[in-house]
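Student: I am new to this structure and would like to go through it step by step. Please show it first, and then I will ask.

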Amino acid sequence: MKQVHALDRLEQGVLDDAVPLATLLRQVVVIGGRASSRALQDWALQELQGYTDPNVELPSYRRCHALIQTDSRSGAWEAKGQTISVLDLPESARKVISEEVPIAFSVGKLQAMVSSAKPEEPIKLSPPGAAELARIMTYERRGRGVLVESVYWSVHISVLQDILDQVRTRLAQFVAELRSAMPEGAAEPTTEQVHQAVQSIHITAGDNSPVNVTAPVAYAEQEATATAAADNQKRRLWPRRPQ
């Protein structure tokens, strides 16, 4: 039986849309481990497990723009999917919550959301502190008798599909770079070739500055204070990233 090497399996899987991204990323974790490429492992694990560390900046392909909407009602009417402005949010949340949506979910959860979503309906993603936000907005509208039931981002299914496609494309680029660095007939890449291939995978950080996955990701504050503060020790209100 012909031996199938790790890179061959990864290449075949990348080109087959039926192979789940999670399977491919686990293979990348193994390849990164064999080559002692911590950066490659970290990126693959974050895609597998979700970007749960608030000190890690999300790649640019995991940031999108979406409408902020509310579901609300009063004694005389009910409004679902009402689009609001950032200026309609409580003042303390305006610098934290915007129409830019950070998508930190794992690829497995993203795939499940895409599979279960109805094409004609947007996906509702709750910003951090959504329940508290709705209570404050209800309090601010108490004179009009308005109850704000929920606050959320209205995200089209194509946004999540694009994130998954971006990950697969980066895997394809990684394989292509490895193949170009390997001599003809070689079955497995060397440690140096893996490191070189990783350096070629450019990911744009949240501030739109280009970085490599091999470079340490600069710290970016993921939480914001309710009021202007001179230090990071003051009370936090909402983290930037949805849970």
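Student: Which residue is the bridge partner of Ser72 in β3?
Tutor: This is a predicted model, and the pairing is read from it. β2 and β3 pair in the antiparallel sense over five bridges. In β3, the residue bridged to Ser72 is Ala79.

Student: And which residue in β6 is the bridge partner of Ser72?
Tutor: Strand β2 covers residues 67-73 and strand β6 covers residues 147-155; the two run antiparallel and are joined by seven bridges. Within β6, Ser72 is bridged to Val148.

Student: How many residues lie between β2 and β3 in their hairpin?
Tutor: The two strands pair in the antiparallel sense. They form a hairpin, and the number of residues between them is four.

Student: In what order do the four strands of the open sheet stand?
Tutor: β2 is joined to β6 by seven bridges and to β3 by five bridges. The pairing in the sheet is antiparallel, and the order is β3-β2-β6-β5.

Student: Why is one side of β3 and of β5 left without a neighbour in the sheet?
Tutor: The sheet is open, with β3 and β5 at the two ends of its order. β3 (78-84) and β5 (123-125) each have a single partner strand, so one side of each has no neighbour in the sheet. The reason is that both stand at the edges.

Student: What is the class make-up of the contact of α2 with α6?
Tutor: α2 and α6 pack at an angle of about 40°, with their axes 11 Å apart, and the crossing is left-handed. Leu21, Leu24, Leu25, Val28 and Ile31 of α2 meet Leu164, Val167, Arg168, Leu171 and Phe174 of α6. The contact has nine nonpolar, no polar and one charged residues.

Student: Is Cys64 buried or exposed?
Tutor: Cys64 is in strand β1 (residues 63-65). Beyond its neighbours within four places in sequence, Cys64 is in contact with Glu99, Glu100, Val101, Ile103 and Val159. Buried means under 20% relative accessible area. Cys64 has 11%, so it counts as buried.

Student: How far apart in space are Cys64 and Leu160?
Tutor: Leu160 is one of the α6 residues in the contact with α4. Cys64 and Leu160 are 96 residues apart in sequence; in space, C-alpha to C-alpha, they are apart by 9.3 Å.

Student: Is Val19 buried or exposed?
Tutor: Val19 is in the loop between α1 and α2. Not counting residues up to four places away in sequence, Val19 touches Gly13, Leu24 and Arg168. Its relative accessible area is 19%, which makes Val19 buried.

Student: Is Ser36 buried or exposed?
Tutor: Ser36 is in the loop between α2 (21-34) and α3 (38-49). Ser36 is not a glycine, yet its phi is positive, about 55°. Exposed means over 50% relative accessible area. Ser36 has 59%, so the residue is exposed.

Student: What share of the residues in the protein chain is buried?
Tutor: The protein chain has seven helices and 10 strands. Of its 243 residues, the buried share is 43%.

How values were computed:
Residues are numbered from 1 along each chain as its sequence is written. This is a predicted model: local features need pLDDT of at least 70, side-chain atom pairs count only at pLDDT 80 or more; totals for chains, interfaces and linings use all residues. Side-chain values use heavy atoms; hydrogens and water are left out. Two strands pair if DSSP finds at least two bridges between them. Contact means heavy atoms within 4.5 Å. Buried means under 20% relative accessible area, exposed over 50%, partly exposed in between (1.4 Å probe, protein chains only). Axes are lines fitted to C-alpha atoms, for helices over the stretch in contact, and angles run from 0 to 180 degrees between N-to-C directions. A crossing is left-handed if the near helix is turned anticlockwise from the far one by less than a right angle, and right-handed if clockwise. Ala, Val, Leu, Ile, Met, Phe, Trp, Tyr, Cys and Pro count as nonpolar, Asp, Glu, Lys and Arg as charged, and the others, Gly among them, as polar.
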